[in-house]
Amino acid sequence: MSLRDLLTARIATQGPITVADYMAEALLHPEHGYYCTRDPLGAQGDFTTAPEISQMFGELVGLSLAQSWVDQGAPAPFTLAELGPGRGTLMADILRATARVPGFHAAAQITLIEASPPLRAAQAKTLAGHDITYVDSAEHLPDAPLWLVANEFFDALPIRQFQRDGSGWRERCVGVQKGALTFGLSPLGPQASLEHRLADTEDGQLVETCPVARPILAALASRIASRGGAALIIDYGDWRSLGDTLQALHAHAPVDPLASPGQADLTAHVDFETLCTAAAPAAHSRVTPQGVFLERLGITARAQALAAKLEGPALEAHVAAHRRLTHPAEMGNLFKVLGLFPNHAAPPPGLER
Ligand code: SAH
């Protein structure tokens, strides 16, 4: 039975499900979920991420984390963590770039949070030779100083969608019509958590919430505030979500999100306001465009140093990768970086309060 058949049968007996339930099943159903059945990254897969585009991304992220660790007195031991590490490329680049930071590797206890069995296998290969611990959620990270990165993790978390109707909201749901999965709207109801959106929306407009993001942020922030550390959260999105941003990608092209659950990547824009409001008691940086963050960390100088050793198609690919990561018309503006750090400390390099 396909996941579409399973969901259709479930909806027939239990009624429509929320977009969040649909996303959770499509991405992480243990047998049919998108992330549980494949390695989705790279040219052969459905999408590409910054660390897969160029080693420069992970190198600069690693040096920002390591400098922040030095600035906070180089506590040992500390947790060096990543949420949703994909193929392990970003962590491998972080570790290579920080190998000469005195004491950093000796003190780092590498801890990963990864739901996908195929990607765990890929991580084991990429990170062979390093001691890796897995925990199953941010709440289970050790009670220790924490330096963490999450690239394109929050965009994969299930979102709920609400359409404004007068001064109330109808939740967008997934139901079945004529045998096909279709979007519908639930009956009108008040939504206490959306009171603040009555001021900046009009009738008929759609807003999104990501209920599982808040407890994750709270778990990171409590460790960073009490034990020291920093988090770099990098994702696409903006300060406030407005409109339907649910997107399905298959073979690098957009597809209908309901057409084949479990076969396409599903993501939504990250609402950075939600992350920031959940970040107390830690301080958070300004939400900074990825291009600005990487330029501040010296990506152009690093790109020139690497370019000196390249020629022909390899040089062209390298120049294109630099542009793709930083140019405002590519990933430079759409992707944002948010830093968490203790109130008494400086933000990680590349970011400002
Ligand atoms: N950070 C990587 C991969 C991004 S893709 C990169 O930049 O290349 C999203 C990653 O998050 C994948 O590794 C996916 O398996 C993981 N993931 C998605 N939802 C998750 C969840 N709820 N819990 C843990 N990992 C999750």
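**Salt bridges, domains and voids**

A: Starting with a salt bridge: the side chains of D200 and R240 pair up at 2.9 Å, N to O. The term here means a side-chain nitrogen of Lys or Arg within 4 Å of a carboxyl oxygen of Asp or Glu.

Q: Before we go on, what are the ground rules?

A: It's a predicted model, so local features need pLDDT of at least 70 and side-chain atom pairs count only at pLDDT 80 or more, while totals for chains, interfaces and linings use all residues. Residues are numbered from 1 along each chain as its sequence is written, and side-chain values use heavy atoms, with hydrogens and water left out.

Q: How many salt bridges does the rule count?

A: The count comes to 18 salt bridges. Another one is E52 with R87, at 3.6 Å, N to O. That pair links distant parts of the chain, 35 residues apart: E52 is in helix α3 (residues 50-53), and R87 is in the loop between β2 (78-83) and α5 (89-97). Helices here are DSSP runs (H or I, at least four residues), as are strands (E, at least two), numbered from the N terminus.

Q: Switching topic: which residues make up each domain?

A: Domain 1 is 3-30 + 160-208, and domain 2 is 35-157 + 210-242 + 267-341. The bounds come from an automatic or database domain assignment.

Q: How far apart are the C-alpha centres of the two domains?

A: The centres of domain 1 and domain 2 lie 30 Å apart. In contact terms (heavy atoms within 4.5 Å), 14 residues of domain 1 touch 15 residues of domain 2.

Q: And what area do they bury between them?

A: About 1,100 Å², with 56% of it on carbon and sulfur atoms. That is the accessible area (1.4 Å probe) the two parts lose on being put together, summed over both. On the domain 1 side, M23, L27 and E208 supply 41% of the area buried against domain 2, more than any other three residues. Across the interface the rule finds one salt bridge.

Q: How are pockets and volumes defined?

A: On a 1 Å grid over the protein atoms alone, a pocket is an open set of points with protein on both sides within 12 Å along at least five of seven lines, whereas a cavity is a set where a 1.4 Å probe fits but cannot get out; lining residues have an atom within 4 Å of a point. Points are joined across faces, edges and corners, and the volume is the space filled by probe spheres set on them.

Q: Which element gives the most to that largest pocket's lining?

A: α2 does, with four residues. The elements that supply at least two include α2 (19-28), α7 (117-126) and α8 (213-227). Each of domain 1 and domain 2 provides at least three residues of the lining.

Q: What about the second largest pocket, how much space is in it?

A: About 380 Å³. It has 17 lining residues, and T48, E152, Q247, L249 and F335 are the closest to its centre. By class, the lining of the second largest pocket has seven nonpolar, four polar and six charged residues.

Q: How many cavities of 30 Å³ or more are there?

A: Two. The largest cavity is about 110 Å³, and of its 15 lining residues, I159, C210, H269, V270 and D271 are the closest to the centre. The second largest cavity has a volume of about 30 Å³, and its lining includes Y22, D256 and L266.

Q: Last one: where are the cis peptide bonds you'd mention?

A: One runs from A76 to P77, with omega near -5°, and another joins A280 and P281, with omega about 15°. P77 lies in the loop between α4 (55-71) and β2. A74 is in the loop between α4 and β2 too, and its phi is near 50°, a positive value in a residue other than glycine.

Notes
Nonpolar A, V, L, I, M, F, W, Y, C, P; charged D, E, K, R; others polar.
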